[in-house]
Amino acid sequence: MKKTWWKEAVVYQVYWRSFYDSNGDGYGDLDGVIEKLDYIAKLGADVVWLNPCYGSPDVDNGYDISDYRSIMPKAGDMESFERLLAAVHKRGMKLIMDLVVNHTSDQHEWFRQARSSRDNPYRDYYIWRKEPNNWRSYFEPSAWTYDEGSGEYYFHSFASQQPDLNWANKAVREEIYDMMRFWLDKGINGFRMDVINLLAKQEGFPDSENPRDISYLGNNPGIHDYLREMHDEVLRHYDVFTVGEIPFVTPEDGVLYVGENRGELNTLFHFEVCDDMPYWDLARFKEIQQRWYDGLWGRGWNSQFLNNHDHTRVVTRFGNDADLRVESATCFATLLHTLPGMPYIFQGEEIGMTGIKLPSIEDYDDIAMKNKFAEQVALGREPEAVLAELQHLARDNSRTPMQWNSGHQAGFTSGQPWLNVNPNYKEINVEQALSDPDSIFYYYQKLIALRRKHEVMVYGDFHMLLEEHHQIFAYTRTLPEESWLVLLNLSGEPAACMLPPEIGNVVGELVIGNGSLGSCNRRLDESEGSTRGEGKSVYSAGAFSVPEGALLELKPYEAAVYRLCV
Ligand code: TEU
C-alpha cells in the first residue's frame with residue numbers, strides 16, 4: 001500500500017459562515033477562521049477543508065458561484081484569503097478548497113450571457129432544451145426551468161438558481177482548468193470536489209421510469225474522461241490531494257474514481273450512510289463498511305465522515321444527545337478514527353455540538369429545506385406535520401454557529417447571528433471543553449495523536465469480529481508487527497459479548513477508551529478487575545486478558561481500543 005501524507009491526515013471542515021465572526025456582521029468570516037486557527041491546531045488536525053467562499057449571491061450558501069476568482073464580501077476579500085492560507089501553512093497545516101464546477105450561479109456572467117440569446121457564444125456553456133424530461137433535481141420537482149427570454153429550458157441538478165455547466169463543451173472545461181490553476185498557484189493543497197460525478201449527463205436526457213430516484217444525475221458515460229483530463233491538464237502538476245463528493249456510487253464504481261493507477265481522484269466520500277441511512281442501523285453500517293473495505297482496500301482510499309454541513313450532527317442523528325451525549329460522541333469518534341480511511345471532523349463535532357429543531361420554517365435558512373417544505377405543503381399536507389418530518393435531516397441542523405463560550409451568542413458574534421445559536425451553548429462550548437480534561441475535545445485530540453503515532457490505525461488491515469452482534473461493532477486493525485482490537489458498543493444499552501477464539505486468551509493493553517469512569521483514557525488496575533458473566537475479565541494497569549469463553553460486558557456507548565500482544 002503506497003504511503004502518502006494525505007492518507008495519514010485528519011481533516012477538519014470549516015463552514016466559515018458559522019465558525020467565527022470577526023467583524024460583528026453576524027456572519028463568520030475568513031479573518032475569524034484565522035483567529036481560531038490555534039484551536040484547530042490544538043485539536044491536531046492536519047488539513048482544513050474550507051467550504052466555498054467565492055463570489056456568490058448565496059442562494060445555496062456559497063454553492064452557487066457567480067465569480068470563481070473572488071471572495072464573497074461577507075467572507076472577506078482576497079487579502080484575507082491569502083492571510084488565511086499563510087496562517088494555515090505557518091501552523092504546519094494544509095488548506096483544501098471546495099471545487100464547485102458541476103454548476104454555477106444563475107448570476108454568473110457566463111449564464112447571464114448564455115440566457116441573453118440563443119446564439120450567444122456562451123449559450124453552450126450550459127444545457128438547453130425545447131422541452132423538459134421528467135427528471136427531478138435534488139432541490140426541486142423538475143431539473144428544468146423555462147427561460148422566458150430565450151424560450152428554452154435549462155438544466156439544473158440542484159436549484160433553478162444553479163444551472164449546470166455543459167462539460168461536453170471543451171471551452172467550459174478549459175475555463176475550469178484555468179480557474180483551478182489560479183487557486184493552486186496561490187498554494188492551496190487540494191480540493192474537495194462538489195458532486196464531481198455529476199459532470200457528465202445522460203445522452204439525450206431520456207425520461208426516467210422512476211424520477212424520484214435521482215441517481216440518473218450521476219456516474220454517466222464520459223465522467224472518467226473528464227476527470228482524467230482534469231488530472232492530466234491540472235492536478236498532476238501539483239502536490240495536492242483531491243476528495244470527490246460522489247453520491248450514488250458503489251465500491252465497484254468508486255474504485256474507478258480513486259484507484260491509485262486511475263489518474264483521477266485520490267479519495268472519495270460515498271453517501272450510503274449519510275444520504276441513505278436516516279437513523280442508526282448497525283447491521284447496515286457494518287455491511288456498508290465491509291463492502292467498501294473489500295472494494296477499495298489495496299486499490300484506492302476511502303474517506304470516513306459521520307456528519308458535515310449537509311448532514312445532521314452525529315450525536316443527534318446516530319447517538320444520544322441527551323443523557324449519553326459525551327459517551328456516544330466519544331464512541332462515534334473512536335469509530336471515525338479507527339475505521340479504514342481518512343477521518344473528517346465537522347466543526348463542533350469535537351465538542352459534541354448537537355442538532356436543533358427550529359420552531360418554524362421561517363427559522364430555517366437552507367434552500368433545500370424550504371423547497372422540500374413548500375413542495376409538500378403545496379400537495380395539501382399539514383405544515384406542522386411536514387416540518388416535523390423534515391427537521392431530523394434538515395441541513396440547518398449542522399449549520400448553527402460554533403459555540404465558543406457561554407457568553408453573548410456563544411461567543412460566535414458580537415452582532416445578531418445569521419442563524420440561531422443552539423440554546424445549549426451555555427453547557428456545550430469550546431471554553432468548557434478546554435477546561436475539562438475528560439471532555440470530548442481531548443478525546444478527539446488523543447485519537448488524532450494516536451493516528452499520527454501508530455500507522456496501524458491508517459494502514460492496518462481491517463477484520464470484522466462479532467458480525468452478527470446487534471450492538472457491538474468489533475474489529476481489528478493489523479500490520480505485520482502490530483494488531484489493535486476495537487470494541488464499540490454503539491447502543492444506549494449495556495452489551496455483552498464473547499470474543500472469538502482468535503482473540504480470547506490474548507493479553508492486550510488499553511490504548512484509549514471512553515470508560516464509564518469518565519476518563520478518556522481509562523486505566524483499569526487489578527482492583528478494577530470485574531467479574532462479568534461466567535469468566536473473569538482481568539484488567540491490570542491498562543492491560544486485559546480475556547480467558548476463553550469469558551463474557552465481556554460494555555457499558556452504553558463504551559469504546560475501547562486495545563493493542564493486542566500477538
Ligand atoms: O451536496 C451534494 C448533495 O446535495 C448531496 O450529496 C448531499 O448529501 C445532500 O445535500 C444531503 O441532503 C453538495 C454540497 O455539499 C451541498 O451543500 C450543496 O447544496 C450541493 O452539493 C450543491 O452544490
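Predicted model: local features only at pLDDT ≥ 70, side-chain atom pairs only at ≥ 80, totals over all residues.
Let's begin with S215. You'll find S215 in the loop that runs between β9, residues 190–193, and α6, residues 223–233. If you want a sense of distance, take A45, which is 170 residues away from S215 along the chain; the two C-alpha atoms are 33 Å apart.

Next, another loop residue, E264. This one sits between α7, which is 251–258, and β11, which is 267–269. Which side chains does the E264 side chain pair up with through polar contacts? There's R228, at 2.9 Å, and there's R262, at 3.0 Å. If you skip the neighbours within four places in sequence, E264 is in contact with H224, L227, R228, H231, L235, T242, L256 and Y257.

Helix α7 packs on α8, residues 282–296, with the axes 9 Å apart and an angle of about 45°. That makes the two helices oblique to each other, and the crossing of α7 and α8 is right-handed. On the α7 side the contact uses P251, G254, V255 and V258, and on the α8 side R291, W292, G295 and L296. Sort those residues by class and you get 5 nonpolar, 2 polar and 1 charged.

Last pair: α10, residues 325–338, and α14, residues 440–453. Their axes come within 10 Å and cross at roughly 15°. How do α10 and α14 lie relative to each other? Angles under 35 degrees count as roughly parallel, so that's what we call α10 and α14. Here too the crossing is right-handed. From α10 you have R325, V326, A329, T330, A333, T334 and H337, and they meet I440, Y443, Y444, L447, I448 and R451 from α14. By class, the contact between α10 and α14 has 8 nonpolar, 3 polar and 2 charged residues.

That's my tour, thanks everyone.

Methods
Residues numbered from 1 in each chain as written. Heavy atoms only, no water. Axes fitted to C-alpha atoms, helices over the stretch in contact; angles between N-to-C directions. Helix = DSSP H or I, 4+ residues; strand = E, 2+ residues; numbered from the N terminus. Parallel < 35°, antiparallel > 145°, perpendicular 65-115°, else oblique. Left-handed = near helix turned anticlockwise from the far one by under 90°. Contact = heavy atoms within 4.5 Å. Nonpolar A, V, L, I, M, F, W, Y, C, P; charged D, E, K, R; others polar. Polar contact = N/O pair within 3.5 Å; in protein donor to acceptor, adjacent residues only side chain to side chain.
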